[in-house]
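The sequence and structure come first, and the description follows.

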Amino acid sequence: MKYSSWKFKETAVMDFLVEGKYTFRRHLLFLVFFFFLLYSSRFWHGYSGIYQYYVLFFVYTILIGMVYINIYVLVPRFFFKTKYITYLILLVLMGVVGLNIIGYGFKLFFVDFKVVAEHKGEKGGIYEGVLMCIPIILTTTTIKLLQKWISDNKKINELNNLTLNMELNELRNQINPHFLFNMLNNVKALIRTDPAKASVVIVKLSEFLRYQLYENS
C-alpha cells in the first residue's frame, strides 16, 4: 500500500513537471517562489519609501528575463544539441549583460533614493549578483533537463508498447493461417481414420477460435 502510494505521488510529480495542462501552474509556482526568494534578501532595503519596491521589481524583472532566456533559448538550442561550450559562453555573456543592466538601472533611476551608504565596491556588487544568479540558472537548467528526461522516457515507453503491439499482431497474422492450415489437414486425416475424434477436435478448435477472437486480449 505504501509502495503504491509512493508510486502515485511520483507519477503525479512527473506529470506536473511535463504535462502541458500544468504549464500555467508550473510557471506561476516558479514566479511566486522566485519573488519570495528575492523578497527575503536585503539589497532593496537600502532605498527610501516606495522606491524599495521599485528596486525589487526592477531586479526581479531582469532576473526573470534571464531565466526564461536560458530556459527557452539557450538550453534547447545549444545545451540539448550538445553545444556545451557555446552554451556556457552565451550564459556567461547573458549574466554579464544582465548584471550590467541592473547596475546601470540603479545608477540611472535609483541613486537619488538610496538611504544606506554603500560599503562595498562595484566589483563586490557584481560578485554578489553572480552568486545570486548562478544557483537560479543552474536550478532552471536542471529542471529543464529533468523535464526532457521524463518526456523522452515517456516517448520511449510509448514507442516500446507500440512496437510490441505491432510485433504481436504481426505474429498472430503469421501464426494463425499456418496453425489453421495444419489443424484442417489433421482433421481431414482424422475424418478418415477416427470420425468421432475428428468431431471432438473440431469442437475444441471452434472453442479455441472463439476464445482467441472474443475473450483473449
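This is a predicted model: local features need pLDDT of at least 70, side-chain atom pairs count only at pLDDT 80 or more; totals for chains, interfaces and linings use all residues.

## Overall make-up

Of the 217 residues in the chain, 24% are buried.

The chain holds six helices and zero strands, and along the sequence its elements follow the pattern α-α-α-α-α-α.

## Packing of α3 against α4

Two packed helices are described by the angle between their axes and by the distance between those axes. For helix α3, which covers residues 51–79, and helix α4, which covers residues 84–110, the angle is about 165 degrees and the axes lie 10 Å apart. Because an angle over 145 degrees counts as roughly antiparallel, α3 is placed in that class relative to α4.

The crossing of α3 past α4 is right-handed. The residues that form the contact of α3 with α4 comprise 21 nonpolar and five polar ones, with no charged residue among them.

## The loop between α3 and α4

Thr82 is found in the loop between α3 and α4, where its phi is positive, at about 60 degrees, although the residue is not a glycine.

In soluble globular proteins, nonpolar side chains tend to be buried together. In this model the largest nonpolar core has 28 residues, and those with the most contacts inside it are Phe34, Leu38, Leu63 and Ile102. Two or more residues of this core are given by each of α2 (23–39), α3, α4 and α5 (122–193), and the largest share, 15 residues, comes from α3.

Apart from this core lies another, of six residues, which include Val187, Leu190, Val201 and Leu205.

## A polar contact at Thr140

Thr140 has its place in helix α5. With a relative accessible area of 5%, Thr140 is buried, because that value falls under the 20% cut-off. Which residue does the side chain of Thr140 join through a polar contact? The partner is Asn70, whose side chain forms a polar contact of 3.3 Å with the side chain of Thr140.

Methods. Residues are numbered from 1 along each chain as its sequence is written. Side-chain values use heavy atoms; hydrogens and water are left out. Axes are lines fitted to C-alpha atoms, for helices over the stretch in contact, and angles run from 0 to 180 degrees between N-to-C directions. Helices (H or I, at least four residues) and strands (E, at least two) are DSSP runs, numbered from the N terminus. Angles under 35 degrees count as roughly parallel, over 145 as roughly antiparallel, 65 to 115 as roughly perpendicular and the rest as oblique. A crossing is left-handed if the near helix is turned anticlockwise from the far one by less than a right angle, and right-handed if clockwise. Ala, Val, Leu, Ile, Met, Phe, Trp, Tyr, Cys and Pro count as nonpolar, Asp, Glu, Lys and Arg as charged, and the others, Gly among them, as polar. A nonpolar core is a set of buried Ala, Val, Leu, Ile, Met, Phe, Trp, Tyr and Cys residues joined through side-chain atoms within 4.5 Å. Buried means under 20% relative accessible area, exposed over 50%, partly exposed in between (1.4 Å probe, protein chains only). A polar contact is a pair of N or O atoms within 3.5 Å; within protein, one must be able to donate a hydrogen and the other to accept it, and residues adjacent in sequence count only if both atoms are side-chain atoms.
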